[in-house]
Amino acid sequence: MIPLSFYLILSAAFFAIGIVGVLTRRNAIIIFMCIELMLNAVNLTFVAFASFFGDSSGQIFVFFVMAVAAAEAAVGLAIIIALFRNKLTINVDEVNILKW
Amino acid sequence: MSIEIITFIILGIIGLASAILLVLQKNPVYSALLLILHFLALAGLYLLLNAQFLAVLQILVYAGAIMVLFVFVIMLLNLQNEESLKDPFNLRKIIATVLGFVLLLQFGVFFFIKAKDDLAIQPSPNSIEAGSVKKIGELLFSVYLIPFEVTSFLLLVGIIAAIVLAKRKFE
């Protein structure tokens, strides 16, 4: 039998990798993928707890997280396309028009 | 070792390896493919946790729909490889990696030392039923009906926002 803490530490590792990716990479699409990685790490935690407590509510939250992630991916990628059209780059270091 | 633990270890290694390689990869297309592999490993972990509905949904929504969107945008933008990956040791990367490890260490200390007894629970016997489409559908259309409707509205807003953002030329 696999203990609950194994699932939790695995999802914590996924989350930490996602954070390192967001902080180190400069390509907006890769940063987006790392955000998806972190969302999925949280989903794994939800599913693990839902399964160990025998309660479906946690799985329904994962369902909602998936819907939000789908909306977020569509809007975010549209922003990236609009950005590329204006600046011809998606390197987040070169996008500094909000800085003063 | 039971077959369950072996499956968990294999899926965990696939998930971890694909996530690490995703972050280290220069070419965004390879990153996208590794992310699909990561999602498939997660779907396997969901199956291991008796969440059948979510495992199917993970493959359909994430590995299917969202990843098609990613790959499409990557091909549309025709990017070159990232320049900053050529210098492996700048200050930002070192600090970020240290922060990631500290976070992981904190989680590890919490899960395996502080909350060891709280987390030592047996899996619920009705977890197979809890992950079924029938149970989730019943809950989704009774207790969580309003959040469900709000989610549909959110997706509608997402569609409109994506069209408006991708269409308009900022001048």
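## A buried loop residue

N50(B) is buried, with 22 other C-beta atoms within 10 Å. Buried means 20 or more other C-beta atoms within 10 Å of a residue's own; exposed means 12 or fewer, and partly exposed lies in between, with C-beta atoms placed from the backbone. N50(B) sits in the loop between α2 (28-48) and α3 (52-77) of chain B. Helices here are DSSP runs of H or I, at least four residues long, numbered from the N terminus. Phi of N50(B) is near 65°, a positive value in a residue other than glycine.

Most residues other than glycine have a negative phi. L88(A) also has a positive phi, of about 55°, although it is not a glycine. L88(A) lies in the segment after α3 of chain A. L88(A) is exposed, with 9 other C-beta atoms within 10 Å.

## The model and its confidence

This is a predicted model: local features need pLDDT of at least 70, side-chain atom pairs count only at pLDDT 80 or more, and totals for chains, interfaces and linings use all residues. Residues are numbered from 1 along each chain as its sequence is written, while chains are lettered from A and ligands numbered from 1 in the order in which they are written.

The model scores ipTM 0.92 and pTM 0.90. Chain B averages a pLDDT (the predictor's confidence in each residue, from 0 to 100) of 87. In chain B, 92% of the residues score at least 70.

## Where the chains meet

The contact takes 63 residues from chain A and 73 residues from chain B. Two residues are in contact if their C-beta atoms, placed from the backbone, lie within 7 Å. On the side of chain A that touches chain B, α3(A) gives the largest share, 23 residues. By class, that side has 47 nonpolar, 11 polar and 5 charged residues. Nonpolar means Ala, Val, Leu, Ile, Met, Phe, Trp, Tyr, Cys and Pro; charged means Asp, Glu, Lys and Arg; the others, Gly among them, are polar.

## The nonpolar core

The largest nonpolar core has 66 residues. Such a core is a set of buried Ala, Val, Leu, Ile, Met, Phe, Trp, Tyr and Cys residues joined through C-beta atoms within 7 Å. α2(A) gives the most to this core, with 14 residues. Among the residues with the most contacts inside it are F14(A), V47(A) and Y46(B). Leaving aside neighbours within four places in sequence, Y46(B) is in contact with V47(A), A51(B), L54(B), A55(B) and Q58(B).

Technical notes. Helix = DSSP H or I, 4+ residues; strand = E, 2+ residues; numbered from the N terminus.
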